[in-house]
Amino acid sequence: FWDCSAALSRTGFPVADPNRDRATCFSETMNTMRPLPRIGIVQGDACGIGPELLSKLLEHEEIHERAQLLVISDKRVFDAGSAVSEIKANIKVISAAADIYFSPGHPQLLDTPCLDPEHITPGEVSIEAGRAVLKTFGLALDLAEAGTLDGICFMPFNKGAMHMAGIGAEDELTWAKQRLGITSRASEFNVIEGMWNARVTSHIPLKDVAGRLSIQHIVEAILLADQTLKKAGYANPRIAVAALNPHAGDGGAIGREEIDIIQPAVIQAQQHQVNVTGPFPSDTLYLKVRDGHYDCALSMYHDQGQIAIKLLGFDQGVSVLGGLPIPIATPAHGTAFDIVGTNRANVQPALNALRVVSAMASDQPHRFA
């Protein structure tokens, strides 16, 4: 450990002179380290497994070494989840944003009264749960905008409940963009064991996909993927673009989108010094990503990438909301209504999400300050 050049070079921190004594080396190292990022953890849909995941997540000592944590939840919802998991978290409860005081290893719960668990039915879509999601997630975004948070990790939302509650947007990513006043492109990325998946189109009907594709939109998606992976620590991300049609169109025999739109977009993105290639038939592309030939696949539509990436590791997956001023991540699975209340929720994807958002936040300044 005290071989500074060997140990510290792997962390990315400045390397002290290995010939110095240990005390001097340690002192210099500590002085160069950034403070742990301040991460907000949002409760998620209270009718799902989110509340159970909160207490399970806080039990992992590792996360307290990665970030300073603020849980944003109605305390009653948090307590209900703790009762399911049978884990009593050591967490300080506060009632106002003015009381937030970050300290490594000492998580806080910002009690946000918004939902009495007695008024909902676990495992069913609820407008009350949707309203609570908008309130807690909205508060987290506000705290980020104020410079209080460096990143956000939210437990699974239910889009049906959010729409019932009047979200007024396609999904939580679009809603977050609007709330933060972001007009540039943003997109959801899925990450499983170092494999990234990006999208050109997302939550739209399949019949509309081809009409939404353009050279400009594909180039924007490629550039955003390159930017997002670089923020996640990839020095030169290798991006592979998926075709739209079977067999990449077979030279135009079964579709010309590859010739007229996708290939020109790849060439244009390469002119921006992006390491991108394609288009490749999507039925084999994800095997190349799995085998380490590429870091990220860019799909043309939602399920083209989602099915592949989830089959490669559903119980590990993380969704990253890319293109926003701060990193935001969540487990890639849903609210799992079928196992609510059974203490069977797997915390690993939530743990992975917190790892990703902490890593992305630790290397960046407070963007709203």
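α8 contributes three residues to the lining of the second largest pocket, the most of any element. Both α8 (172-180) and β6 (187-192) supply at least two lining residues each; helices (H or I, at least four residues) and strands (E, at least two) are DSSP runs numbered from the N terminus. The model is predicted: local features need pLDDT of at least 70, side-chain atom pairs count only at pLDDT 80 or more, and totals for chains, interfaces and linings use all residues. Residues are numbered from 1 along each chain as its sequence is written, and side-chain values use heavy atoms, with hydrogens and water left out.

The second largest pocket has a volume of about 410 Å³. Of its 17 lining residues, Glu170, Arg185, Ala186, Val200 and Ser202 are the closest to its centre. A pocket is an open set of points on a 1 Å grid over the protein atoms alone, where a 1.4 Å probe fits, with protein on both sides within 12 Å along at least five of seven lines; lining residues have an atom within 4 Å of a point. The volume is the space filled by probe spheres set on the points, which are joined across faces, edges and corners.

| Class in the lining of the second largest pocket | Residues |
|---|---|
| nonpolar (Ala, Val, Leu, Ile, Met, Phe, Trp, Tyr, Cys, Pro) | four residues |
| polar (the others, Gly among them) | six residues |

Aspartate 74 lies in the loop between β2 (68-73) and α5 (75-85). Aspartate 74 counts as buried because its relative accessibility is 1%, the cut-off being under 20% relative accessible area (1.4 Å probe, protein chains only).

Key. Buried means under 20% relative accessible area, exposed over 50%, partly exposed in between (1.4 Å probe, protein chains only).
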